[in-house]
Amino acid sequence: MTNPASTADLVARWRPLSAQEETNGDTFLDDAWRILRRRVPTLEADIVADTTGDLQAEVVRVECAAVLRVMKNPAGKRQEAIDDYSWTRDQAVSAGLLYFTDGELNDLI
């Protein structure tokens with residue numbers, strides 16, 4: 001089974017993408033799909049067995065949420081201040097950026 005999410009899904013949830021963002025989005029979506037299949041080993045079979053299409057739609061939503069977290073905040077800023085400028089890097093950046101929340105994963109099982 002191929003990845004059910006595409007850059008068109010990212011565009012629908014965010015905005016038109018530049019050529020470089022499309023390339024990055026495709027790559028991140030492929031990464032997200034691999035991670036999801038590893039975290040939920042029955043995912044592909046579950047999608048095929050789901051006659052409503054709801055599970056596939058949830059997979060697309062969850063993949064896009066993870067990818068857009070990265071694309072909207074590539075520097076991983078969690079906090080920023082103005083006077084005597086200061087900012088804090090999000091811990092997700094040091095963990096590899098692309099991640100799924102527990103709630104997102106629970107929506108797929």
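Tutor: Gladly; we will look at one helix pair and its contact. This is a predicted model, where local features need pLDDT of at least 70, side-chain atom pairs count only at pLDDT 80 or more, and totals for chains, interfaces and linings use all residues. Residues are numbered from 1 along each chain as its sequence is written, and side-chain values use heavy atoms, leaving out hydrogens and water.

Student: At roughly what angle do α2 and α4 cross?

Tutor: Axes are lines fitted to C-alpha atoms, for helices over the stretch in contact, with angles from 0 to 180 degrees between N-to-C directions. Helices are DSSP runs (H or I, at least four residues), numbered from the N terminus. Here α2 (residues 19–39) and α4 (residues 54–72) cross at roughly 125 degrees, their axes coming within 9 Å.

Student: Which residues of α2 and α4 meet?

Tutor: Contact means heavy atoms within 4.5 Å. In α2, the residues include F28, L29 and W33, and the α4 side includes V62, V67 and M71.

Student: Where does R15 lie?

Tutor: A charge sits over a ring if NZ of Lys or CZ of Arg is within 6 Å of the ring centre and within 35 degrees of the ring normal. R15 lies over the face of W14, 4.1 Å from the ring centre, and R69 over the face of Y99, at 4.5 Å.

Notes: Helix = DSSP H or I, 4+ residues; strand = E, 2+ residues; numbered from the N terminus.
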